[in-house]
Amino acid sequence: MPTAFDPGWNRLPGVRVRGRRIDIDPAEYFFRFRSHTWLVADWQRVRAELMPVQETATHALEQLALEFIKTHARPTDDPALVLRTAYEVYAYLFREEHLDGIGLPHLTRDHLRMLREAATLMALNKVELDGHISNIGPCWFFPAATSVVFGLDDPTGAMLDEVYHGGWFNEHRRLESIKAHAALGGRLVHGCQAVPDQSGGVVAPYGASMPSFRAELDALKAGWLAEVYSYRAPATS
């Protein structure tokens, strides 16, 4: 990876972090791992050709992003490429220049680092066009995973989850997110309602069935979520 990841990632099964190197054992890390391919586009091309694009009254930004994906994205069976691409995406979206005047006084540069790292690992999750969840690991459950890895309390984990899903609560940054996620072959979607409820997030392909996605997640998440929380360090008195 371009930067060293927090050693707290070693608390999750199947993950070994040594500075900039991350090793993941799929059999231990994933709750479900049924797809070994992902869709990616070159991040530098996304930055040069898609990020400057503005939507018009006749061409919505989502449609422009979809056309870019259809033209430039390609399948890969290299998870390292997915992680490197994801890190570039989230290093751009969660850059420090946004901290000034954002209206979130408790959000720090260290929190941005946590967001970049956790979102990068989440890019290995995958939903198919029919809404079926093919790949899901601990980072699907953002507040639970960050409580394990970074030792965050529940309110702080929920705050980061809202920042991750909410485009920093700003339309300009939401539009940035739509364009940036074209590098990962889709758009960011999540199962939460008005507040974070541990329903997770994934970069899903355009056109994926959201009703099927939500129904499957609702039926299965309780057991997976409990397992993630079981990795938390025991509280000390």
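## A buried charged pair

Glu-176 and Arg-95 are both buried. The model is a predicted one. The side chains of these two residues form a salt bridge, with an N to O distance of 2.8 Å. Because Glu-176 belongs to helix α8 and Arg-95 to the loop between α4 (79-93) and α5, the pair ties together parts 81 residues apart in sequence.

## Other salt bridges

In total, 15 salt bridges are counted. One of them joins the side chains of Asp-6 and Arg-113, at 3.4 Å from N to O. Asp-6 is in the segment before β1 (15-18) and Arg-113 is in helix α5 (residues 109-122), so this bridge ties together parts that are 107 residues apart in sequence. Asp-6 has a relative accessibility of 19% and counts as buried; the cut-off for that class is under 20%. Arg-113, at 23%, counts as partly exposed.

Which residue forms a salt bridge with Glu-62? The partner is Arg-174, and the closest N and O atoms of the pair are 3.6 Å apart. This pair also links distant parts of the chain, since Arg-174 sits in helix α8 (residues 171-180) and Glu-62 in helix α3 (residues 61-72), 112 residues apart. Arg-174 is partly exposed, with a relative accessible area of 34%. Glu-62 is partly exposed as well, with a value of 29%.

## Packing of α4 and α5

The axes of α4 and α5 are 8 Å apart, and the two helices pack at an angle of about 140°. That angle makes α4 oblique to α5, because roughly antiparallel would require an angle over 145 degrees. The crossing of α4 past α5 is right-handed.

On the α4 side, the contact involves Leu-83, Ala-86, Tyr-87, Tyr-90 and Ala-91. These residues meet Arg-116, Ala-119, Thr-120 and Leu-121 in α5. Sorted by class, the contact of α4 with α5 holds seven nonpolar residues, one polar and one charged.

## Packing of α6 and α9

Helix α6 (residues 142-149) and helix α9 (residues 210-229) cross at roughly 15°, and their axes come within 9 Å. This makes α6 roughly parallel to α9, as the limit for that description is an angle under 35 degrees. Here α6 passes α9 in a left-handed crossing.

Ala-144, Ala-145, Ser-147 and Val-148 are the α6 residues in this contact, and they meet Leu-225, Val-228 and Tyr-229 in α9. How many residues of the contact of α6 with α9 are nonpolar, polar and charged? Six are nonpolar, one is polar and none is charged.

## Packing of α2 and α3

For helix α2 (residues 43-50) and α3, the axes come within 12 Å and cross at roughly 140°. With that angle, α2 is oblique to α3. The passage of α2 by α3 is a right-handed crossing.

From α2, the contact uses Arg-45, Val-46, Glu-49 and Leu-50; from α3, the residues are Leu-64, Ala-65, Phe-68 and His-72. By class, the contact of α2 with α3 contains five nonpolar residues, one polar and two charged.

Terms used: Residues are numbered from 1 along each chain as its sequence is written. This is a predicted model: local features need pLDDT of at least 70, side-chain atom pairs count only at pLDDT 80 or more; totals for chains, interfaces and linings use all residues. Side-chain values use heavy atoms; hydrogens and water are left out. A salt bridge is a side-chain nitrogen of Lys or Arg within 4 Å of a carboxyl oxygen of Asp or Glu. Helices (H or I, at least four residues) and strands (E, at least two) are DSSP runs, numbered from the N terminus. Buried means under 20% relative accessible area, exposed over 50%, partly exposed in between (1.4 Å probe, protein chains only). Axes are lines fitted to C-alpha atoms, for helices over the stretch in contact, and angles run from 0 to 180 degrees between N-to-C directions. Angles under 35 degrees count as roughly parallel, over 145 as roughly antiparallel, 65 to 115 as roughly perpendicular and the rest as oblique. A crossing is left-handed if the near helix is turned anticlockwise from the far one by less than a right angle, and right-handed if clockwise. Contact means heavy atoms within 4.5 Å. Ala, Val, Leu, Ile, Met, Phe, Trp, Tyr, Cys and Pro count as nonpolar, Asp, Glu, Lys and Arg as charged, and the others, Gly among them, as polar.
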